[in-house]
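Colleague: I have not looked at this one before. Can you put it up and take me through it?
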Amino acid sequence: MGGIFVFAKVENGVPSRSTLELLGGAQKIAAGLEEPVTAGLLGQGDAALLYAYGVETVYRVDHPLLKEYQADLHLLALERIGRTAEPRVILLPGDSLGRDLAGRLAFRLQTGIVTEVIDIDVHPSEKSLRFTRQAYGGKAIAAIVPKAFPVVATLKPRTFDPAARAGDRTGTEIPVEAPLDGAQAGTRLVERVQEETTGVKLEDAQVVISGGRGLGGPEGFDLLVELARVLKGAVGSSRAATDAGWVPSSMQVGQTGKTVSPDLYIAVGISGATQHVAGISGAKTIVAINTDPEASIFKVAHLGIVGDYKAILPPLIARCRELVGG
Ligand SMILES: Cc1cc2nc3c(=O)[nH]c(=O)nc-3n(C[C@H](O)[C@H](O)[C@H](O)COP(=O)(O)OP(=O)(O)OC[C@H]3O[C@@H](n4cnc5c(N)ncnc54)[C@H](O)[C@@H]3O)c2cc1C
């Protein structure tokens with residue numbers, strides 16, 4: 001048994017962002033454990049794109065039934081790969097796909113799982129692993145030392161730096177047989193709906209301006225959209241604003257929403273509940289605008305502005321426009 005295994009996805013001729021983050025995490029521990037990085041591909045997808053990021057072996061199950069995502073069939077294929085590759089660590093993304101598969105995969109392999117991992121360390125002499133994750137909605141940090149191997153782990157999106165290209169390298173591809181049958185699928189894909197995004201995607205934005213209940217209604221978001229346009233950013237929200245139906249839930253940032261790691265995060269009319277802050281821990285600079293000087297958001301903000309957003313945002317937008325144009 002050995003190796004750090006990454007469940008990889010290659011989309012439009014490049015490894016997906018989540019795959020690069022998993023490879024970033026894998027590279028971090030592979031050196032400490034002195035074990036290789038391996039990967040699994042389901043369906044087509046160019047393995048050479050993974051070798052360039054330091055993957056030594058790619059295990060592939062290629063089957064027509066894997067063309068569309070179907071949890072039961074993907075799980076069967078991954079289980080087969082897991083039993084063939086026998087890695088020490090299995091890394092999956094902490095997105096909806098990883099959450100769907102990871103727990104079931106750990107059960108099938110009769111092993112342990114750590115979810116929402118934000119850091120991984122290797123003890124230099126003992127070569128033991130230590131996973132770090134947030135606990136109690138971000139109020140505490142838990143360190144988890146796995147005892148059962150292979151250990152399955154999901155990495156929280158946007159918390160690991162994407163792997164850097166390791167140059168022109170080659171690797172080995174190992175085909176894995178998985179006798180899949182449509183009857184094994186407990187669900188079927190009925191419709192695929194593409195989420196509408198205008199402008200820069202929230203998870204990729206370098207500037208995110210989020211609004212909360214303090215905006216008082218959906219019209220309050222107009223000012224945020226204007227500021228986002230000037231700063232070429234994206235608009236997010238707190239759960240209170242999405243629960244009120246002011247903006248779609250796809251804009252929610254936080255523990256049960258999206259994790260963002262922009263250079264600049266501006267929280268407007270957001271109190272700073274731990275569940276919201278859990279989604280912005282990767283932001284480099286946090287600015288808060290709030291009428292309440294005691295609001296918790298000021299404890300995490302690098303810069304705080306106490307006041308009504310309706311008075312603060314218009315001159316801020318005008319000044320930003322002067323500085324950056326637009
Ligand atoms: C299991 C669970 C998961 C959750 N997941 C999430 C999540 O993913 N994301 C999330 O955001 N929340 C989440 N929540 C909800 C979270 O606990 C808070 O209830 C929520 O974040 C509060 O949103 P808010 O800050 O917009 O509202 P409030 O807490 O009501 O804060 C509104 C703020 O606006 C300020 N304000 C009022 N008027 C103005 C004004 N004119 N100008 C400027 N400021 C003003 C107020 O002083 C106040 O601080 C979760 C809760 C649970 C239990």
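Colleague: How many Å separate the centres of domain 1 and domain 2?
Modeller: The centres of domain 1 and domain 2 are 33 Å apart, taken over C-alpha atoms. Domain 1 covers 4-184 and domain 2 covers 202-324, with bounds from an automatic or database domain assignment. This is a predicted model: local features need pLDDT of at least 70, side-chain atom pairs count only at pLDDT 80 or more, and totals for chains, interfaces and linings use all residues. Residues are numbered from 1 along each chain as its sequence is written, and side-chain values use heavy atoms, with hydrogens and water left out.
Colleague: What area is buried between domain 1 and domain 2?
Modeller: About 730 Å², with carbon and sulfur atoms giving 43% of that. Buried area is the accessible area (1.4 Å probe) that two parts lose on being put together, summed over both.
Colleague: Which three residues supply 64% of the area that domain 1 buries against domain 2?
Modeller: Gly137, Lys156 and Arg158, more than any other three residues.
Colleague: How many salt bridges are found across the interface?
Modeller: The rule finds 1 salt bridge there (a side-chain nitrogen of Lys or Arg within 4 Å of a carboxyl oxygen of Asp or Glu).
Colleague: Where do the side chains of Arg158 and Asp204 meet?
Modeller: In a salt bridge, at 2.8 Å from N to O.
Colleague: New topic. How many cavities of 30 Å³ or more are there?
Modeller: The count comes to 1. On a 1 Å grid over the protein atoms alone, a cavity is a set of points where a 1.4 Å probe fits but cannot get out.
Colleague: Which residues line the largest cavity?
Modeller: Phe7, Ala8, Lys9, Ser18, Thr19, Pro93, Asp95 and Leu97, where lining residues have an atom within 4 Å of a point.

Notes
On a 1 Å grid over the protein atoms alone, a cavity is a set of points where a 1.4 Å probe fits but cannot get out, and a pocket is an open set with protein on both sides within 12 Å along at least five of seven lines; lining residues have an atom within 4 Å of a point. Grid points are joined across faces, edges and corners, and a volume is the space filled by probe spheres set on the points.
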